[in-house]
Amino acid sequence: MSLTNIVGKLFLPRQKDLKRYVNESVSMQQKVLKRLVEHGRQTEYGRRFGMQTGNYDDFARRIPLNTYEELKGDIDRMRHGEANVLWPGRVRWFAKSSGTTNDKSKFIPITKAGLDHIHYAGGMDVVALYLRNTPESCLFDGRSLILGGSHSPNYNVADSLVGDLSSILIEHINPLANLVRVPKKKTALLSDFELKRDRIARECLHKNVTNISGVPSWMLSVLVRIMELSGKKHLEEVWPNLEVFFHGGIAFTPYRSQYEQLITSPKMHYMETYNASEGFFGIQSDPQDKSLLLMSDYDVFYEFIPMDTFDSEHPTVVPLEGVQKGVNYAMVITTSCGLWRYVIGDTVRFTSTNPYKFVITGRTKYFINAFGEELIMDNAEQGLAYACHATGAEISDYTAAPVYMDSRAKCRHQWLIEFAKEPDSIERFAALLDKRLQEVNSDYEAKRFHDITLQPLEVIKARPGQFNDWLKAKGKLGGQHKIPRLSNSRKVIEEVMEASPDPSKGGERLSD
């Protein structure tokens with residue numbers, strides 16, 4: 001009997017329990033809220049707003065909706081060592097994520113309860129669902145390649161860390177898990193990705209790797225290095241027993257064809273997860289369905305704002321039982337990490353309510369998150385203002401999108417800009433824009449490090465009137481119609497470029 005057959009039996013109770021999601025998700029959520037409020041009442045935040053019961057109507061009436069800006073002051077106090085602020089006790093770990101309008105980075109509290117009942121619970125359920133769907137699996141008969149980030153001391157607070165969520169998870173993972181995972185912990189937590197990438201490849205090259213986990217862009221970069229070292233054409237020649245990639249963090253669709261070219265084995269599986277610094281929210285429970293199962297019994301209470309009311313003074317907010325299929329919602333979470341009615345910024349659409357399954361539709365604002373950089377509109381505006389001021393340029397219109405990875409795992413952002421007044425140097429404009437984006441967004445800065453994955457951005461000069469011609473062709477010229485500024489999809493930027501008199505050029509390419 002294989003080790004997977006033995007270990008797999010440990011997941012049978014949870015596999016049975018997950019069947020309750022079909023009919024009991026709403027009651028599960030009610031229990032989650034009651035449990036969270038019981039803890040919240042013991043905190044300064046709970047007392048500030050008179051948090052009393054787990055009754056939803058009472059909770060929603062007393063506790064305001066929050067963005068990071070509203071919670072930032074309390075989180076900073078927690079980072080300095082204060083206890084019982086947003087969650088009982090002292091919080092020692094903080095996940096560093098891309099910033100907001102006012103900050104380069106944001107810091108999400110990670111409590112012991114959050115680790116155990118959100119993040120690690122999600123990891124266990126990914127395995128439980130995969131084994132349920134893949135009875136022939138030999139997952140535990142080899143090693144797991146798990147990519148992670150890095151962490152550093154938090155201020156001067158003893159035993160407190162700040163860093164990528166993945167590094168916090170690796171730092172505190174059950175020691176037994178280290179027996180089946182690669183690379184070694186010291187390598188996994190390196191901050192220099194160029195060095196880490198090479199060491200991971202060398203440490204894993206001759207291991208029996210059966211599964212890989214991580215962000216698609218970063219993982220592809222590591223796999224490309226492994227292929228360089230091995231001299232092989234396909235990954236299954238290096239790891240013949242590789243069977244699954246557990247991926248999340250960014251959309252997988254743009255990378256699927258590259259992975260399928262790299263891994264040609266018919267037994268290879270791909271399983272999507274929706275895990276973020278703020279929590280672990282969804283898992284692809286059916287290989288034939290791209291929708292994600294909403295994880296309704298973790299320490300996360302969900303609320304949803306229909307996007308057609310999102311910008312109103314009093315937006316509609318509904319709990320899980322109030323959602324409808326086909327409606328685009330902004331997601332709001334309350335968690336055991338001390339995030340109370342937190343507007344996470346992601347939008348979702350439910351495809352099923354029995355069980356509750358959904359797809360991620362985007363963000364509440366324009367953004368690019370093709371490689372984990374989470375570039376938001378405010379970052380873009382700051383970068384453009386900086387470059388314009390330095391070069392004397394003025395901008396009429398612009399849009400930006402990613403150029404996805406090529407066979408060498410190289411990628412970049414591409415900006416199509418219509419200038420009212422051209423800069424003194426297009427090349428200098430592009431370099432200054434790139435520099436400023438790194439200064440205001442720590443995730444973009446990390447992805448640009450040493451040009452390992454994300455290359456210098458590219459600027460293409462649009463001809464005068466090109467954006468208006470696109471709007472006119474779409475029947476959207478005038479009125480309230482606006483140019484989508486940032487997008488993960490290349491649809492808009494390519495349509496605008498095709499609005500050029502010469503469709504084969506679309507505009508003048510000015511920097512590489």
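**A guided reading of the predicted model**

In strand β8 (residues 244-247), Val244 and Phe246 point one way while Phe245 and His247 point the other way, and all are buried. Buried here means under 20% relative accessible area, exposed means over 50%, and partly exposed lies in between, with a 1.4 Å probe and protein chains only. Helices (H or I, at least four residues) and strands (E, at least two) are DSSP runs, numbered from the N terminus. The structure is a predicted model, in which local features need pLDDT of at least 70 and side-chain atom pairs count only at pLDDT 80 or more, whereas totals for chains, interfaces and linings use all residues. Residues are numbered from 1 along each chain as its sequence is written, and side-chain values use heavy atoms, with hydrogens and water left out.

Strand β8 is joined by 4 bridges to strand β7 (residues 209-214), and the two run parallel. Within this pairing, Gly214 stands opposite His247 of β8. Two strands count as paired if DSSP finds at least two bridges between them. Both strands belong to an open sheet of 12 strands, arranged in the order β6-β3-β7-β8-β9-β10-β11-β16-β15-β14-β12-β13, with mixed pairing. Its edge strands, β6 (181-182) and β13 (318-319), each pair on one side only. Further along the order, strand β12 (residues 300-306) and strand β14 (residues 328-335) run antiparallel and are joined by 7 bridges. In that pair, Ile305 has Ala330 of β14 as its bridge partner.

Most residues other than glycine have a negative phi, and most peptide bonds are trans. A cis peptide bond, with omega about 0°, joins Val182 and Pro183; Pro183 is placed in the loop between β6 and α9 (185-188). The peptide bond from Asn354 to Pro355 is also cis, with omega near 5°, and Pro355 lies in the loop between β15 (342-353) and β16 (356-363). Arg341 is not a glycine, yet it has a positive phi of about 50°. Arg341 is located in the loop between β14 and β15 and counts as buried because its relative accessibility is 5%. Asp451, again not a glycine, has a positive phi of about 55°. The loop that holds Asp451 runs between α15 (442-447) and β21, and Asp451 is partly exposed, with a relative accessible area of 30%.

Strands β19 and β20 pair in the antiparallel sense over 9 bridges, and Val403 has Arg412 of β20 as its bridge partner. Strand β20 also pairs with strand β21 (residues 458-461), in the parallel sense and over 4 bridges; here Ile417 stands opposite Lys461 of β21. Because 7 of the 10 residues of β20 are buried, β20 is largely enclosed by the rest of the structure.

An α-helix has 3.6 residues a turn, so residues three or four places apart point the same way. At 1.5 Å a residue, the 15 residues of α13 should span 21 Å, and its end C-alpha atoms are 21 Å apart, which agrees; the expected span is 1.5 Å times one less than the number of residues. Gly392 follows α13 and has a positive phi, near 75°.

Ser160 is found in the loop between β4 (151-153) and β5 (161-163) and is buried, with a relative accessible area of 3%. Leaving aside residues up to four places away in sequence, Ser160 touches Arg92, Phe94, Ser152, Pro153 and Asn154. The side chains of Ser160 and Asn154 are joined by a polar contact of 2.9 Å. A polar contact is a pair of N or O atoms within 3.5 Å; within protein, one must be able to donate a hydrogen and the other to accept it, and residues adjacent in sequence count only if both atoms are side-chain atoms.

The cysteines remain to be considered. A search of the whole structure finds 0 disulfides, a disulfide being a pair of cysteine sulfur atoms within 2.5 Å. The sulfur of Cys204 is 20 Å from the closest cysteine sulfur, in Cys138, which is too far for a bond.

Note on methods: Contact means heavy atoms within 4.5 Å.
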